[in-house]
Amino acid sequence: MKKLLLSAALAMASMGVFAQAHDQSAVHCELLLANVIEINPPVEIMGAAFLSGHDYNTGEELRDIHGHTTADFTVSSNKNFNVTVNAGSPNFSYLGPATSGNVMPCGTLKYNLAFNGTGGTDATPFFWNSLTTAPAPLINNGHSGAFRPFGLKFRSEPGWDYAGGLYRINVLVTATQL
C-alpha cells in the first residue's frame, strides 16, 4: 500500500511539474479621432443672362453649365452641424465699359434652400432670401454622418438700374460643427 501511495504522490507531483503556468500580456491600443467636417460644392459657377425686357421684369434663376438650377451640396461630419450662407463682399465686382451705374449690391442675389437631406431644420425665413455679407442661417442641427445632402437655388432680380456688363460675386456656404 505504501508503494501505491508513493506512486500516486510521485505521479501527482510530476503532473504539477509539467503543468503550463498561466501568463498574460496586454497591448494598449489607441485611436485619435479629430472632429472633422467637410462640405463639398457641386459646381464652381452659376449664372444667368439678362437678354430681354422679360428677363429684367421677372428675374432669372441661375444655372450651372449643365442647365441645372439647383446646386447640390453634401456635408460629412462626425458631429451635428449648422450651415450658413453669405456674400463674400457687399457688392458684385463689375467687368465692362461703364463708369457709372455698375455698383450692384449683393442683395440683388437671392437664395432658396431647395431641399434638405441633412436631418436638420430649414432656418431660412422666406422662400427667396436676399443675400447679405452677414452669415445667414440656412440649416440648423444637421445630423452627423457622411454625405448629408442639401440643395441651393439662386435668383437675381437686378431691376433696370445697372449698366450692361458682367457682374460677379462669391457666395460662401459654411458648415460648422455644434
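Me: Is Tyr-56 buried, partly exposed or exposed?
Reply: The model is predicted, and the values below are computed from it. Buried means under 20% relative accessible area and exposed means over 50%. Tyr-56 has a relative accessible area of 24%, so Tyr-56 is partly exposed.

Me: How is the aromatic pair of Phe-50 and Tyr-56 classed?
Reply: A search of the whole structure gives 6 aromatic pairs, and Phe-50 with Tyr-56 is one of them. The ring centres of Phe-50 and Tyr-56 are 5.5 Å apart, with 55 degrees between the planes. Planes under 30 degrees apart count as stacked and those over 60 as edge-to-face, so the pair of Phe-50 and Tyr-56 is tilted.

Me: Which residues do ring pairs link into a cluster?
Reply: Phe-50 and Tyr-56 already form a pair. Ring pairs join these residues and one Trp into a cluster, whose members are Phe-50, Tyr-56 and Trp-160.

Me: How is the aromatic pair of Phe-127 and Trp-128 classed?
Reply: The centres of the Phe-127 and Trp-128 rings lie 5.6 Å apart. Phe-127 is exposed at 58% relative accessibility, while Trp-128 is partly exposed at 23%. The planes of Phe-127 and Trp-128 stand at 90 degrees, and the class is edge-to-face.

Me: How many residues apart in sequence are the parts that the Glu-61 and Lys-153 pair ties together?
Reply: Glu-61 and Lys-153 form a salt bridge, with 3.9 Å between the closest N and O atoms; the cut-off is 4 Å. Glu-61 is in strand β2 (residues 60–61) and Lys-153 is in strand β10 (residues 145–156), so the pair ties together parts whose separation in sequence is 92 residues.

Me: Is Arg-155 buried, partly exposed or exposed?
Reply: The structure holds 2 salt bridges, and one of them joins the side chains of Arg-155 and Glu-157 at 3.0 Å, N to O. Glu-157 is partly exposed at 39% relative accessibility. Arg-155 has 16%, which means that Arg-155 counts as buried.

Me: Which elements give two or more residues to the lining of the largest pocket?
Reply: The largest pocket holds about 1000 Å³ of space. Its lining has 34 residues, and the closest to the centre are Met-46, Gly-47, Leu-62, Tyr-167 and Ile-169. The elements that contribute two or more residues are β3 (70–77), β10, β11 (166–168) and β12 (171–177).

Me: How many nonpolar residues are in the lining of the largest pocket?
Reply: The lining residues of the largest pocket split by class into nonpolar, polar and charged.

Me: How many strands does the protein have?
Reply: From the N terminus, the order of elements is α-β-α-β-β-β-β-β-β-β-β-β-β-β. The helices in the protein number 2, and the strands number 12.

Methods
Residues are numbered from 1 along each chain as its sequence is written. This is a predicted model: local features need pLDDT of at least 70, side-chain atom pairs count only at pLDDT 80 or more; totals for chains, interfaces and linings use all residues. Side-chain values use heavy atoms; hydrogens and water are left out. Rings of Phe, Tyr and Trp (its six-membered ring) pair if their centres lie within 6.5 Å; planes under 30 degrees apart count as stacked, over 60 as edge-to-face and the rest as tilted. Buried means under 20% relative accessible area, exposed over 50%, partly exposed in between (1.4 Å probe, protein chains only). Helices (H or I, at least four residues) and strands (E, at least two) are DSSP runs, numbered from the N terminus. On a 1 Å grid over the protein atoms alone, a cavity is a set of points where a 1.4 Å probe fits but cannot get out, and a pocket is an open set with protein on both sides within 12 Å along at least five of seven lines; lining residues have an atom within 4 Å of a point. Grid points are joined across faces, edges and corners, and a volume is the space filled by probe spheres set on the points. Ala, Val, Leu, Ile, Met, Phe, Trp, Tyr, Cys and Pro count as nonpolar, Asp, Glu, Lys and Arg as charged, and the others, Gly among them, as polar.
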